[in-house]
There are 2 protein chains.
Amino acid sequence: MATARRHRLSLDVRRDQLIRLGVDIFSERPFDEVSIDDIAAAAGISKGLLYHYFGSKRGFYVEVVRWAAGELEAVAEGDEALPVLERLGQGLDRYLEYVETHARGYATVLRAGIGSDAEVAAIVEGVRQTMVARVLEAVPGLAGDPGRRLAVRGWVGFVEAASLDWLDDRALGREQLRDQLMATLTGAVAAAAEATAAARQATQS
Amino acid sequence: MATARRHRLSLDVRRDQLIRLGVDIFSERPFDEVSIDDIAAAAGISKGLLYHYFGSKRGFYVEVVRWAAGELEAVAEGDEALPVLERLGQGLDRYLEYVETHARGYATVLRAGIGSDAEVAAIVEGVRQTMVARVLEAVPGLAGDPGRRLAVRGWVGFVEAASLDWLDDRALGREQLRDQLMATLTGAVAAAAEATAAARQATQS
């Protein structure tokens, strides 16, 4: 039984190694250009073993995206010991660092080469929801108000679109981008408050 | 020859009618749930004729998305006679009206229910670029500055994410959403200016 457990463990380790390798591969080359043969060659294993673990190239890719999404969420969490807004800024900084390191993979997932695969889309949506939840937790008074909630959800869309644009030309430094995104969040929340107040006034008059 | 031209014309008209019907169908039901039989039945034509025009359900869908994208761009253009910012606000208002009327189709295209389709992604990206170009044209001084350009690109991502969120619960009135989005654009551009100034100061000191 100990042998069986050890065998099982080494299989899991092997699987994780393959996925990590996939993160590297898909960070540099688009999904459509990477063949199962390329992956097998890079891993030094047979195609058959790869199919055994993941079923198909798509199956492998989905696991790679799931892994990368988990990593991205983890790095973007920021240091618990920091005050909430600083923590948010630090998390955003690490998010952008991850995006920069895994540029090709990030763009592929969001620009929908294979990105519009339903399972991949669900993983991406999960990351968005985590980001929204973290901002809502970090800034008091956001969660209860529909306009401000929408501002946070919209801001996550802003971060994605801006990140993709940034990867195209890197016209800004990463720090400047981080500062701009943080200031945009403040502006978006203020815009929500403004529009809510105006709508209330319009109803009353 | 006149007869041939008339015949050709009536084929084009028929094709357009089918696409318009498709816009209605996919505005209410997701891609995966609509069969070629449903479409043929709704159009009162044979499946064979549908295949003749569009090749496949996917081919039909792509043409429907292309048509809807063109309509959306046209309605969101706003009245040329208006001052630029008012025109932008009016265009946004009509954008949201279109989104509301075609809720299901809008969500399907952006939430990517059709599976990996590069052509659909390219059409969506085209609409985004039109929106970015219109804002850059409308507000002087935006196009030349990388931070502000990024703000506009990010804002279009904000509009999409916020629209999807809004369609889920309609917790805000459409006018309030429009006002909030316009104020968010102002805030995002201000945030860009702020971050650019801070980065410049950091370099100088």
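Which helix of chain A gives the most to the lining of the second largest pocket? The points below lead to the answer.

1. Basis. This is a predicted model, in which local features need pLDDT of at least 70, side-chain atom pairs count only at pLDDT 80 or more, and totals for chains, interfaces and linings use all residues. Residues are numbered from 1 along each chain as its sequence is written, chains are lettered from A and ligands numbered from 1 in the order in which they are written, and side-chain values use heavy atoms, with hydrogens and water left out.

2. Chain A overall. Chain A has 9 helices and 0 strands; helices (H or I, at least four residues) and strands (E, at least two) are DSSP runs, numbered from the N terminus. Its C-alpha atoms fill a box of roughly 75 × 45 × 30 Å along the principal axes. Of its 205 residues, 49% count as buried, where buried means under 20% relative accessible area, exposed over 50% and partly exposed in between (1.4 Å probe, protein chains only).

3. A pocket here is an open set of points on a 1 Å grid over the protein atoms alone, where a 1.4 Å probe fits, with protein on both sides within 12 Å along at least five of seven lines; lining residues have an atom within 4 Å of a point.

4. The lining. Of the 18 lining residues, A76(A), E77(A), L88(A), R134(A) and V135(A) lie nearest the centre of the pocket. Helix 7 of chain A gives the most, with 7 residues, while helix 4 (57-75) and helix 5 (84-101) each supply at least two.

5. Helix 7 of chain A. This helix has 21 residues and reaches 30 Å from its first C-alpha to its last, close to the 30 Å expected; the expected span is 1.5 Å times one less than the number of residues. Its buried residues include V120(A), M131(A) and V135(A). Among the elements covering the buried residues are helix 8 (146-169) of chain A and helix 6 (103-111) of chain B.

6. A residue of chain B. H102(B) lies in the loop between helix 5 (84-101) and helix 6 of chain B. H102(B) counts as buried because its relative accessibility is 14%. Leaving aside neighbours within four places in sequence, H102(B) is in contact (heavy atoms within 4.5 Å) with V23(B) and S27(B).
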